[in-house]
Amino acid sequence: MPRPIQALIHRQHLTHNLQRVRAAAGDAKVWATIKADAYGHGIAHAFEALRAADGFALLELHEAQTLRDLGWRGPILLIEGVFEPRDLELCSRLKLWHVIHCTEQIDMLAAHKTHEPHRVFLKMNSGMNRLGFTPAAFRSAYARLAALPQVDEISLMTHLSDADGQRLGADGQMHEGADYQVHTFLQATHDLSGEVSLANSAALLRHPKLRADWVRAGIALYGSTPDAASHSAADWGLLPAMSLHSRIIAVQNLQAGDTVGYGSIFAADRAMRIGIVACGYADGYPRTTPTGTPILVDGQASRTLGRVSMDMLAVDLSEL
């Protein structure tokens, strides 16, 4: 038999989380973000549970092809846009919408021969400093896109870096973290036409006024809180979309002073009984997870002990 470890995908929880997002979004349309193979949950597993979304946002062209093969005919957004000119051919064939965040992508689009113009989302760098045009360059990028016959409709978007908490302002006071970016975005786009997308998971849940036309739900769909310093997933009414299950494959009895695992970073201060679980960092369990991380053993609360190995970790059975 294979190693006794399974990642279980709870589709009903994905659907629940989408409903929770939909309730928070009001009249805004919802992008279900399924980049990185639906945050590791698998697009094929997640699609049916999330198909009530208005559109899907992702990174890879093969993921977009997978969605079309699964029967999705609605909007698909490439949230980093295209990486080379030939990608635009597949955008045309699969009817993909795509983000424009740099002049090179405009150049590619200007040279692209297509019978059907593209729907694009022009991205502003309002302070995240990853992708997008600066506020000063945004309007000229918009004008250039608007003049292209290859472009149908232009939507406006930015990504909020601090929507999950507060940020120190220029006045030396703490402010809601999204405020300065939203101000920058609105100031630069106040007279430009097009639908607007501002809110990620944190902004959607914490800042209802930022709903705009589209919201981009990501981490919240999978049951993880977007602002862990302030709220738990349960606070937001979110349910975990995945649970990891394995078995104890060995039991060791320790005496005071015995150590556990590589580096001997955990030492028993009394007689203890520990279990060795078939799960490690090769399975995606973080190697840096410290002693004391909560874990359930047959439904009972316990803790991990020592350093996580490649394919094993230790749990405390002393009180179970």
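1. Helix 1 (residues 11-25) packs with helix 3 (residues 43-50) at an angle of about 50 degrees, and their axes lie 8 Å apart. The two helices are therefore oblique to each other. Helix 1 passes helix 3 in a right-handed crossing. From helix 1, the contact uses Arg-11, Leu-14, Thr-15 and Leu-18. From helix 3, Ala-44, His-45, Ala-46, Ala-49 and Leu-50 take part. Keep in mind that this is a predicted model.

2. Helix 5 (residues 87-94) has these buried residues: Asp-87, Leu-88, Leu-90, Cys-91 and Leu-94. They sit on the same side of helix 5, because they cover an arc of only 160 degrees around the axis. These buried residues pack against helix 4 (61-69), strand 4 (76-78), strand 5 (97-100), helix 6 (103-111) and strand 6. After helix 5 comes Lys-95, with a positive phi, near 60 degrees.

3. His-118 belongs to strand 6 (residues 118-124). Its relative accessibility is 4%, so His-118 counts as buried; the cut-off for buried is under 20%.

4. Which side chains make polar contacts with the side chain of His-118? One is Ser-92, at 2.9 Å. Another is His-98, also with a polar contact of 2.9 Å.

5. Leaving aside residues up to four places away in sequence, His-118 touches Leu-88, Cys-91, Ser-92, His-98, Leu-109, His-112, Gln-150, Val-151, Asp-152 and Glu-153. Leu-88 and Cys-91 are among the buried residues of helix 5.

Terms used: Residues numbered from 1 in each chain as written. Predicted model: local features only at pLDDT ≥ 70, side-chain atom pairs only at ≥ 80, totals over all residues. Heavy atoms only, no water. Helix = DSSP H or I, 4+ residues; strand = E, 2+ residues; numbered from the N terminus. Buried < 20%, exposed > 50% of the residue type's maximum accessible area, 1.4 Å probe, protein only. Polar contact = N/O pair within 3.5 Å; in protein donor to acceptor, adjacent residues only side chain to side chain. Contact = heavy atoms within 4.5 Å. Arc of directions from axis to C-beta. Axes fitted to C-alpha atoms, helices over the stretch in contact; angles between N-to-C directions. Parallel < 35°, antiparallel > 145°, perpendicular 65-115°, else oblique. Left-handed = near helix turned anticlockwise from the far one by under 90°.
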